[in-house]
Amino acid sequence: MSKDKSLAAVALITSLFFIWGFALNLNPILIPHLKKACQLTDFQSSLIDSASYIAYFLLPIPAAQFMKKYGYKGGIILGLLLFSVGAMLFYPAAAVRNYAFFLGALFVVFSGMAFLETAANPLITLIGDPRGSAIRINLAQSFNGFAAVSATTFGGMFILSGKTLSPAEEKAMSPEQLNQYLNHEASAVQVPFVIISIVVFLVAIMVWRTAFPKIKEESSVELAEERRPLGARILELTKDKHLMSGVLAEFFYVGAQACVSSFFIRFSERVAGFAEKPASVNLAIAFGMFMAGRFIGTLLMKFFNPVKLLVTYAIINIILIGAAVSLKGPAAVYTLMGVWFFMSIMFPTIFSLSIHDLGSKTKLGSSLVIMGIVGGAVLPPIMGRISDASNIQLSYLVPGVCFVGILRFALKNLKVKKVEIVAGH
């Protein structure tokens, strides 16, 4: 394959990191927005994360099996088509203002994302010159971070109205006026998600029309491993204590990331009195810190043991969460924003440590670690329940506990001296 065609394939795969990062980080905008439009409790609004992340638990192994038959390219195209269809479903969901419809649309979007992540993470390291695999995964991760900033900025500008009714204002409205306001809020997602759907569909066409280089990734040992019954291989891996502790750590990390991000605008409103648009600007800045943390963390790993860096970052985040729960006013918000910087290296480091030394079982082990992303579906509803029962500030103890779990995993891996980053999220 010519160098130009190989570069085109790498560019398209890198764009996938941006696409799923963009969708993933629209959730912190959708949660407060649909809370208004559909008149939800904090617990009910947290189901946006549950509908999204549950796809990561259900789809990675089917996605891997699909790609075994149809290749990485087939998996990517199917993932993009699912994503496009799910985004388009937001239009009728908003038209009828039905929360269950929104949740169904999100599940379809994230089912597509599960295919994209299952394909893109290994493919970005395999395509092109093997000596440049580390550079490619780090570059792809930077696009993931850029997507987070772009999504919150885009959502803050085009989805959030900046108008939240107080209980007194709501009560003063006639049923017709209130219904008109709620319908107007719901309709704000229609045009943005139609645009997203069209863009993703165009990317699917580009992938379909682009020739991908042939990938030879399986040794004879790996091929022999894959001939064994899938159930037996999964059962065997569940007995690997190191791998399972990594799955649990990834569960904690993604749960913490979802909790910290998804309730940030609500936290800013309740604790510091920020309106939703200024709060969304702060959220974009926080994601900018996350992106900067990816670059700085990658550089620091060249000079410091990545596991010790993970230990340090986990301890700092435990302290920052404690401060955010204790402080009052804007200081609590600004302290919480610092958490993003120290979350930046956690997903790829935990992932890479989890599959360390798995040998021929690495592909299936990777799928199990990706399934740990279901933490983003389980933990936000727990946080929502605590918020409804007490207050949003106290509920931030949930991600604090998650960082304690990550710290425990990191301390158990201190003997690992070298970690090769092989995935981004």
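1. A polar contact of 3.5 Å joins the side chains of Glu-117 and Trp-20. A polar contact here is a pair of N or O atoms within 3.5 Å; within protein, one must be able to donate a hydrogen and the other to accept it, and residues adjacent in sequence count only if both atoms are side-chain atoms. Glu-117 lies in helix 6. Glu-117 is buried but has no salt bridge. The nearest side chain of opposite charge belongs to Arg-294, 9.0 Å away. Buried means under 20% relative accessible area, exposed over 50%, and partly exposed in between (1.4 Å probe, protein chains only). A salt bridge needs a side-chain nitrogen of Lys or Arg within 4 Å of a carboxyl oxygen of Asp or Glu. For charge, Lys and Arg count as positive and Asp and Glu as negative; His and the chain ends are not counted.

2. Ground rules. This is a predicted model: local features need pLDDT of at least 70, side-chain atom pairs count only at pLDDT 80 or more, and totals for chains, interfaces and linings use all residues. Residues are numbered from 1 along each chain as its sequence is written, and side-chain values use heavy atoms, with hydrogens and water left out.

3. Overall fold. The protein chain has 22 helices and zero strands. Helices (H or I, at least four residues) and strands (E, at least two) are DSSP runs, numbered from the N terminus. The C-alpha atoms fill a box of roughly 70 × 45 × 40 Å along the principal axes. A compact globule of 425 residues would have a radius of gyration near 22 Å; this chain has 21 Å, which agrees. That radius is taken over C-alpha atoms, and the globule rule is 2.2 Å times the number of residues to the power 0.38.

4. Burial and contacts. Buried residues make up 57% of the 425 residues. Take the contacts (heavy atoms within 4.5 Å) between residues at least 6 apart in sequence: 84% join residues at least 24 apart.

5. The main core. The largest nonpolar core has 141 residues. Such a core is a set of buried Ala, Val, Leu, Ile, Met, Phe, Trp, Tyr and Cys residues joined through side-chain atoms within 4.5 Å. Leu-80, Leu-336, Trp-340 and Tyr-396 touch the most other members. Helix 6 (residues 99-126) gives the largest share of this core, 15 residues. Leaving out residues up to four places away in sequence, Trp-340 touches Val-260, Ser-261, Phe-264, Leu-283, Ala-286, Phe-287 and Phe-290.

6. Helix 18. This element spans residues 346-354 and is mostly covered, with nine of its nine residues buried. Among them are Met-346, Phe-347, Pro-348 and Thr-349.

7. Charge pairs. The structure holds four salt bridges. In one, the side chains of Glu-276 and Lys-36 meet at 2.9 Å, N to O. Glu-276 sits in helix 15 (residues 276-300) and Lys-36 in helix 2 (residues 27-37), so the pair ties together parts that are 240 residues apart in sequence. Both Glu-276 and Lys-36 are buried. Lys-36, Glu-185 and Glu-276 are linked in a network of salt bridges.

8. Around Arg-266. The side chains of Asp-42 and Arg-266 meet in a salt bridge of 3.0 Å, N to O. This pair links distant parts of the chain: Asp-42 is in helix 3 (residues 42-58) and Arg-266 in helix 14 (residues 264-272), 224 residues apart. Asp-42 counts as buried at 2% relative accessibility. Arg-266 is buried too, with a relative accessible area of 9%. Arg-266 and Glu-269 also meet in a salt bridge, at 3.6 Å, N to O. Both lie in helix 14, three residues apart, about one turn of the helix.

9. Backbone points to check. Gln-39 has a positive phi of about 55° although it is not a glycine. Gln-39 is in the loop between helix 2 and helix 3, and at 43% relative accessibility Gln-39 counts as partly exposed. Arg-97 is another residue other than glycine with a positive phi, near 50°. Arg-97 lies in the loop between helix 5 (90-96) and helix 6, and is partly exposed at a relative accessible area of 21%.

10. Thr-125. This residue is in helix 6. Thr-125 is partly exposed, with a relative accessible area of 21%. The C-alpha atoms of Thr-125 and Arg-136 are separated by 6.7 Å, with the two residues eleven apart along the chain.
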